[in-house]
Amino acid sequence: MPKQTFPWKKIVLATKNKGKIGEFSRMFAVFDVEVLTVADFPDMPDVVEDGETFEANARKKAETIAQVTGLPALADDSGLEVDALDGKPGVYSARFAGPDATDEENNAKLVSLLRDIPEDKRCARFVSVLALAVPQGETLLVRGTCEGRIVLAPKGENGFGYDPHFFLPEKQRTMAELSPEEKNRISHRGQALGKLEAVLKERFV
Ligand SMILES: O=c1nc[nH]c2c1ncn2[C@H]1C[C@H](O)[C@@H](COP(=O)(O)OP(=O)(O)OP(=O)(O)O)O1
Ligand SMILES: [Mg+2]
């Protein structure tokens, strides 16, 4: 199948998260664009995620990497919002259990806080904000969400992060039980990329 045209020849993924890189690589395979990551460049600066919103952090990550590489850069700032926890962990999702927390530690903290809350009160959503920064021009921001609820017992081996605890009522499976294609079709990140694609089409075709 011929690949869809893309406004640039190359794009850099401004993320160090292997799960995100895998998902984006699959999503970008339909486009005629070479996908690089920060690992392809020596001495990339570490970007401090000190924003109070997904938008601020995504913008900072994308603009820093676009500046340093001279290439269009796509960043994702994402996380989990749990209603019963007043939207936590939110922008702090990666650091929920501490500054260098692993996915396992974050998941253990999530489960411990929700243990006494009945399952029908554990509504949550994944949020992904994508920022596309181009060396000259304004940064594009889009947001995608995916609704579900948190289950205490982890299930599934796919995905990353909070996926084994994120249950999708329509699928009757956790996000970690979906194939990579299925996850991309419904996920917050997939939704956000769809919006970005629509904005790019409007601008460049
Ligand atoms: O699809 C997902 N499935 C499960 N968990 C997810 C997902 N998407 C984000 N998450 C969680 C993982 C991490 O705890 C936080 C993202 O934090 P976030 O700062 O955006 O990413 P990160 O530090 O891992 O990589 P980077 O900043 O280099 O892109 O939300
Ligand atoms: Mg991060």
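**Gly70 and helix H2**

I began at Gly70, which sits just after H2 and takes a positive phi of about 70°. This is a predicted model, so I kept to its limits: local features need pLDDT of at least 70, side-chain atom pairs count only at pLDDT 80 or more, and totals for chains, interfaces and linings use all residues. Residues are numbered from 1 along each chain as its sequence is written, while chains are lettered from A and ligands numbered from 1 in the order in which they are written.

Helix names here follow DSSP runs numbered from the N terminus (helices are H or I with at least four residues, strands are E with at least two). H2 covers residues 54-69, and I found its 16 residues reaching 23 Å from first C-alpha to last, close to the 22 Å expected at 1.5 Å a residue. The expected span is 1.5 Å times one less than the number of residues.

Next I looked up burial in H2. I call a residue buried if 20 or more other C-beta atoms lie within 10 Å of its own, exposed if 12 or fewer, and partly exposed in between, with C-beta atoms placed from the backbone. The buried residues of H2 include Phe54, Asn57, Ala58, Lys61, Ala62 and Ile65. They pack against strand E1 (10-13), E3, E5 and E6; contact means C-beta atoms, placed from the backbone, within 7 Å.

**Asp77**

Is Asp77 buried or exposed? Asp77 counts as buried, because it has 28 C-beta neighbours inside 10 Å. Its place is in strand E3. Leaving aside neighbours within four places in sequence, I see Asp77 in contact with Phe54, Asn57, Ala58, Lys61 and Val129.

**The nonpolar core**

I then turned to the largest nonpolar core, where a core is a set of buried Ala, Val, Leu, Ile, Met, Phe, Trp, Tyr and Cys residues joined through C-beta atoms within 7 Å. It has 41 residues, and Ala14, Ala62, Ala73, Leu74, Leu130 and Ala131 touch the most other members. Strand E5 (residues 123-133) gives the largest share of this core, 8 residues. Beyond four places in sequence, Leu74 is in contact with Ile11, Leu13, Ala14, Ala62, Leu130 and Leu132.

**Helix H5**

The buried residues of H5 are His188, Arg189, Gln191, Ala192 and Leu193. Among the elements covering them are helix H1 (18-28), strand E3 (73-82), E5 and strand E6 (140-150).

For reference, most residues other than glycine have a negative phi, and most peptide bonds are trans. Where is the cis peptide bond that I noted? It joins Lys88 and Pro89, with omega about 0°. Pro89 has its place in strand E4 (residues 88-89).

Asp86 has a positive phi near 55° and lies in the loop between E3 and E4. With 8 C-beta neighbours inside 10 Å, Asp86 counts as exposed.

Gln172 has a positive phi near 55°, and I found it in the loop between strand E7 (166-168) and strand E8 (173-174). Gln172 counts as exposed, because 8 C-beta neighbours lie inside 10 Å.

**The whole chain**

Last, I stepped back to the chain, which has 5 helices and 8 strands. Its radius of gyration is 17 Å, close to the 17 Å that the globule rule gives for 205 residues, so the chain is as compact as a globular protein of that length. That radius is taken over C-alpha atoms, and the rule is 2.2 Å times the number of residues to the power 0.38. Along the principal axes, the C-alpha atoms fill a box of roughly 50 × 40 × 25 Å. I also noted that buried residues make up 36% of the 205 residues.

Conventions: Contact = placed C-beta atoms within 7 Å.
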